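Please look over the model below. The notes that follow are numbered and brief.

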Amino acid sequence: MTLPLFTPDQDPGPSFLGLLERLGMAPPEFTGSLEADAITHGTTVLAIRTIEGVVMAGDRRATAGNFISQHSVEKVFPADRHSGVAISGTAGPAMEMVRLFQLNLEHYEKVEGSPLSLEGKANQLSQMVRSNLSAAMQGLGVVPLFAGWDERLEQGRLFQYDITGGRYEERRYAAGGSGSLHSSTVIKLRHTPDLDFSTAVDIAVEALFEAADEDSATGGPDPVRGIYPVIATIGSDGFERMANEDVAVRTTALLERLGDRSDR
Amino acid sequence: MNMPLGGYVSPEQLMKDRADYARKGIARGRAAIASTYADGVLLCAENPSNTLRKVSEIYDRIGFMGVGKYNEFDQLRIAGVRHADLKGYSFSREDVDARWLANQYAQILGQYFTHEMKPLEVELLVAEMSPEVGDDRLFHLLYDGTVMDTTSHVVIGGEAEAIGARLEESWSVGLQLREAVRVAVGALTGSDRELVPDDLEVAVLSRDGERRSFRRIEGDDLGELLG
């Protein structure tokens, strides 16, 4: 590996993906087909907008067909200091997409000397999802959620994507993956415009619990192994992941509350 | 190599001319200081512009300073960021180190010095903060590709000798950030003028446990440190 120097007309600019392409290191286009059941999938993720910013959460299960392939997988990641990304879909391409997305944001910030705007970050991710389209057509789809603190507007913002790279900004909440229907129903019923982080975290824990209750691919809380959902808050102080013990306390409180209801 | 038409120039003369040319270009620029302190590495440059940077971040624990011709050292800076990010992406983040980067810079500078139309009019510093106290490294690169490394302090740019002598007098191992900044700014300033925070560009590679250790110290924070 030597120092990558370019003539001005060949310069790839501040994009890390552009640099990989210029050096012939971009991942090869996926062709052919494969058995989707044999591949690890990540399942339910969600994001809730509050007055303090955005809460992101994901369950911990990865499945391959009817097997559970991972009990403690992580699906919520910091994208940079002030934004986060959560993924559902085929785990391999999704993890790689997150890694490249994180690198791309950091690379831009270092080369240019200032970070991309939140809008710019959301558009970058849109292009990355779109460039995965041919793989998605073969069953290797990746569907991320993106959220961050917009320093210009001084508010949390939240974006949802489809496999073609379509980018949709959501005002209230979004969910992705196999348990998204059940989890978003829970959020929908409890969402109010004046939510704070703490209440939104409780809603997220409950939404993932209900999704796991109805969807076999979504993992519920696992007190035996000490595995609880990954939850992060993204506010003016940036991306902050909640400690596992704190999520455990919230989950225990929820389970006690549910246990009091005799009709379950 | 370019030969002047009809004349012979000895290799010694040619190299001397090139070195003089590069030194002249570098001496016109203002100086910058890198020094280690208790909690990492301090990078401090005299730079009245707050958009055209001399001090920047390369990687998690690696910082960069350049003096001389802006477009030349900035191109090298960007190449360094690209190289580090590529290496971290291909292997792992812990495999990216400053020594390798310094050697690459040395190759490029040496190549320009002997083979191109003109040498690069730059002097570079690559700093690496180590998680272990006392292991921080400063790599100093000259226009002809010479590399030197130290664990204490380096001055690059114009009037480096006078500033270096002042720095040597007041610097010591294990200074706190506030003292380290004052010592560096004092050495840059000298006795016959004043420097205000707006004339300075200050950053640290801080041993505070964050993955990206590079922090700029600007505005009120810098004023408070110099206070």
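1. Among chain A contacts between residues at least 6 apart in sequence, 68% join residues at least 24 apart. Two residues are in contact if their C-beta atoms, placed from the backbone, lie within 7 Å.

2. This is a predicted model: local features need pLDDT of at least 70, side-chain atom pairs count only at pLDDT 80 or more, and totals for chains, interfaces and linings use all residues. Residues are numbered from 1 along each chain as its sequence is written, while chains are lettered from A and ligands numbered from 1 in the order written.

3. Chain A has seven helices and 13 strands. These are DSSP runs, numbered from the N terminus: helices are H or I with at least four residues, strands E with at least two. The radius of gyration of chain A, taken over C-alpha atoms, is 19 Å; the globule rule gives 18 Å for 264 residues, so chain A is as compact as a globular protein of that length. That rule is 2.2 Å times the number of residues to the power 0.38.

4. Of the 264 residues of chain A, 46% count as buried. Buried means 20 or more other C-beta atoms within 10 Å of the residue's own, with C-beta atoms placed from the backbone.

5. The largest nonpolar core has 131 residues. Such a core is a set of buried Ala, Val, Leu, Ile, Met, Phe, Trp, Tyr and Cys residues joined through C-beta atoms within 7 Å. Helix α6 (residues 197-214) of chain A gives the most to this core, with 11 residues. A:Ala47, A:Ala204 and B:Cys44 have the most contacts inside the core.

6. The contact between the chains takes 12 residues from chain A and 14 residues from chain B. On the chain A side, α2(A) gives the most, with four residues.

Technical notes:
A residue is buried if 20 or more other C-beta atoms lie within 10 Å of its own, exposed if 12 or fewer, and partly exposed in between; C-beta atoms are placed from the backbone.
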